[in-house]
Amino acid sequence: TVSAEWCGPCQAFAAEMAGITETVRKKYPNFTFYEFLYQDNYGDNPDSTVLKRWSKSYGMEGIPVVAPEDNTAAEVEWVDGTGYIPSSLVIAPDMTVIWSPMDHGDVSGVDDAVSIKGVIRDYEDSL
């Protein structure tokens, strides 16, 4: 999930992340979640203190919380290309993006375990 520390909807989604992770991993044990926190409360790059606080505040044990080296880089702009956060990407083991809001025009389309499992199932069916 792409999030920012100052974002209320991001905080709400982060609070649900542990439960979503547990549900998805029951069916897909090797599925890995990452929290990509690209701005702190001031719009700057989050430092390790911010990342640790975010992880602890939302019970993200076992979910890596990472930040970009430069939150103004083109890659970060692409990841958050919808202009809305939180925003989720689902990426296959070969690093193919199998769901993104840029493709679907919907930032809330993958926001729970059922929808994540549906995207994975559709991807597996296409193989």
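**Entry 1: Met95**

I began with Met95, which is exposed at a relative accessible area of 63%. I use exposed for over 50% relative accessible area, buried for under 20%, and partly exposed for in between, with a 1.4 Å probe and protein chains only. I placed Met95 in the loop between β4 and β5 (97–99). Its phi is positive, about 75°, although Met95 is not a glycine.

**Entry 2: ground rules**

I am reading a predicted model, where local features need pLDDT of at least 70, side-chain atom pairs count only at pLDDT 80 or more, and totals for chains, interfaces and linings use all residues. Residues are numbered from 1 along each chain as its sequence is written, and side-chain values use heavy atoms, without hydrogens and water.

**Entry 3: the whole chain**

I looked up the secondary structure and found five helices and five strands. These are DSSP runs, numbered from the N terminus: helices are H or I with at least four residues, strands are E with at least two. From the N terminus the order is β-α-β-α-β-α-β-β-α-α. Of the 127 residues, 40% count as buried. I then checked contacts, meaning heavy atoms within 4.5 Å. Among contacts with a separation of 6 or more, 60% come from residues 24 or more positions apart.

**Entry 4: helix α2**

Which residues of α2 are buried? In this helix (residues 48–57) I found Val50, Leu51, Trp54 and Ser55. Down the axis of α2 the buried residues fall within an arc of 130°, so they line one face of the helix. The arc is taken from the directions from the helix axis to the C-beta atoms. As background, an α-helix has 3.6 residues a turn, so residues three or four places apart point the same way. On the other side of α2, Lys52, Lys56 and Ser57 are exposed.

I asked what covers the buried residues of α2. The cover includes β1 (2–4), α1 (8–27), β2 (35–39) and β3 (65–66).

I also checked both ends. At the start of α2, a side-chain oxygen of Asp47 comes within 3.1 Å of the backbone nitrogen of Thr49. After α2 comes Gly59, with a positive phi near 60°.

**Entry 5: Glu5**

I found Glu5 in the loop between β1 and α1. Glu5 is buried, at 7% relative accessibility. Leaving out residues up to four places away in sequence, Glu5 touches Gln11, Leu37, Gln39, Asp40, Asn41, Val50, Arg53 and Trp54. Val50 and Trp54 are also among the buried residues of α2.

**Entry 6: α1 against α5**

I looked at the axes of α1 and α5, which come within 9 Å and cross at roughly 35°. The contact uses Ile20, Thr23, Val24 and Lys27 of α1, and Ala113, Ile116, Lys117 and Ile120 of α5. By class I count five nonpolar, one polar and two charged residues. Axes are lines fitted to C-alpha atoms, for helices over the stretch in contact, with angles from 0 to 180 degrees between N-to-C directions. Nonpolar covers Ala, Val, Leu, Ile, Met, Phe, Trp, Tyr, Cys and Pro; charged covers Asp, Glu, Lys and Arg; the others, Gly among them, are polar.

I then turned to Val114 in α5 (residues 113–126). Val114 is exposed, with a relative accessible area of 64%. Val114 and Thr23 are 91 residues apart in sequence, yet 8.6 Å apart in space, C-alpha to C-alpha.

**Entry 7: Ile85**

Is Ile85 buried or exposed? Ile85 is buried, with a relative accessible area of 15%. I placed Ile85 in the loop between α3 (74–79) and β4 (90–91). Its C-alpha is 8.7 Å from that of Thr1, 84 residues apart along the chain.

Key
A polar contact is a pair of N or O atoms within 3.5 Å; within protein, one must be able to donate a hydrogen and the other to accept it, and residues adjacent in sequence count only if both atoms are side-chain atoms.
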